[in-house]
Amino acid sequence: MKFGQVEDPSKIDFTLPKDHSRTKEILNQNKKGLENISIGCAKWNKTDLKGFYPKGTKDELTYYAKQFNSIELNATFYGMPTPEQVAVWKEKTPDNFKFFPKITNTVSHFRRLIDVTEPVTQFASAVMNFDQKLGMAFLQLHDNFKPKDYDRLEKFVKDWPKEVPLAIELRNTEWFTDEEIFNTTCELFETHHITNIIVDTAGRRDMLHMRLTTPNAFIRYVGANAESDYNRLDDWMQHLTKWKKEGLQNVYFFVHQNIEKASPLLSAYFIKKMNEEWKTDIHIPQMATDNNGTLF
């Protein structure tokens with residue numbers, strides 16, 4: 001994942017900003033406590049995750065799903081999923097596994113939310129076949145989709161089928177730098193129970209808005225293939241602990257790297273850290289090429 005990549009990560013201030021004033025209020029509304037923790041990568045193919053799979057692995061998803069409890073499903077961005085394909089993916093994974101499919105680029109990038117009723121219906125109908133394994137679908141808008149097109153976004157949100165939980169990632173900087181626009185958009189998300197995605201990447205610190213619109217923290221973490229990646233994960237663990245005390249309901253944390261093969265390494269570090277601090281028992285992924293059988 002090259003988005004937000006910088007030449008020299010050491011020059012970036014990776015400090016997590018303070019929460020938006022509304023975030024604590026949103027978290028306090030949840031009375032159910034913490035329900036789900038999903039931590040994973042964005043891909044499962046051998047080409048990207050070199051060294052992760054044992055030699056002779058015949059089915060990458062089956063093995064991946066034994067190591068992680070979730071996947072940020074980017075495959076559905078590049079091609080419309082079919083109910084049959086979803087059924088195949090579903091059957092290859094354990095009962096507690098969750099899929100987080102990205103909405104097809106026909107909707108977000110080619111039609112840019114114009115006249116998308118048909119592809120949205122097709123997408124939603126397909127991913128609903130994940131049943132209990134559907135975590136949350138997410139829409140990633142193009143970098144040049146700006147607030148001038150707010151009406152399109154509003155219509156999309158209002159028309160979205162409520163049976164499918166949804167998160168949205170805004171990318172153009174104008175969504176964050178115009179306070180009035182940002183507040184209006186977040187209020188729209190709140191009203192329709194849409195989760196506001198937080199992106200932590202070196203070159204786009206404006207996307208690290210810390211503004212939750214539901215009690216869900218959907219975080220797309222992009223490492224810089226630098227030693228600071230681990231300190232950043234430590235900071236996230238501390239911040240999520242704060243949110244947990246305030247009423248966090250679900251954690252969806254997906255790790256990317258500019259050199260993607262390092263993603264399992266960072267993910268495993270984060271899971272180990274969470275198990276230690278939250279007393280959870282999430283499986284720590286193993287690296288097949290390590291003599292000790294683990295990623296550390």
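Predicted model: local features only at pLDDT ≥ 70, side-chain atom pairs only at ≥ 80, totals over all residues.

**Aromatic residues in the core**

A: Leaving aside neighbours within four places in sequence, Trp 236 is in contact with Leu 16, Ile 198, Asp 200, Leu 208, Met 210, Ile 219, Tyr 221, Trp 243, Phe 253 and Phe 270. Trp 236 also belongs to the largest nonpolar core, which has 85 residues. Within that core, the members that touch the most others are Tyr 64, Leu 153, Phe 156, Trp 236, Leu 240, Trp 243 and Phe 253.

The ring pairs may be considered next. A pair of aromatic rings is described by the distance of the centres and the angle of the planes. With centres within 6.5 Å as the criterion, the count comes to 25 aromatic pairs. One of them joins Tyr 64 and Phe 97 in an edge-to-face arrangement, with 6.2 Å from centre to centre and 80° between the planes. Tyr 64 lies in helix 2 (residues 60–67), whereas Phe 97 lies in the loop between helix 4 (83–91) and strand 3 (98–101), so the pair ties together parts that are 33 residues apart in sequence. Tyr 64 counts as buried because its relative accessibility is 0%, under the 20% limit. Phe 97 is likewise buried, with a relative accessible area of 0%.

A stacked pair is formed by Phe 145 and Trp 175, at 6.3 Å centre to centre and 5° between the planes. This pair links distant parts of the chain, 30 residues apart: Phe 145 is in the loop between strand 4 and helix 7 (150–159), and Trp 175 is in helix 8 (residues 174–177). Both Phe 145 and Trp 175 are buried.

Ring pairs also build a cluster, in which Trp 44, Phe 52, Tyr 53, Tyr 63, Tyr 64, Phe 68, Trp 89, Phe 97, Phe 99 and Phe 130 are linked. Tyr 64 and Phe 97, the edge-to-face pair, are thus both members of this cluster.

The wider fold gives the setting. The chain has 11 helices and 9 strands. Its radius of gyration is 18 Å, close to the 19 Å that the globule rule gives for 296 residues, so the chain is as compact as a globular protein of that length. Of these 296 residues, 54% count as buried. Among contacts with a separation of 6 or more, 76% come from residues 24 or more positions apart. The accessible surface comes to about 13,400 Å², and carbon and sulfur atoms account for 48% of it.

Technical notes:
Residues numbered from 1 in each chain as written. Heavy atoms only, no water. Core = buried A, V, L, I, M, F, W, Y, C linked by side-chain atoms within 4.5 Å. Buried < 20%, exposed > 50% of the residue type's maximum accessible area, 1.4 Å probe, protein only. Contact = heavy atoms within 4.5 Å. Helix = DSSP H or I, 4+ residues; strand = E, 2+ residues; numbered from the N terminus. Rg over C-alpha atoms; globule rule 2.2 N^0.38 Å. Areas by Shrake-Rupley, 256 points an atom, 1.4 Å probe, with all protein chains shown as cover. Phe/Tyr/Trp six-rings, centres within 6.5 Å; stacked < 30°, edge-to-face > 60°.
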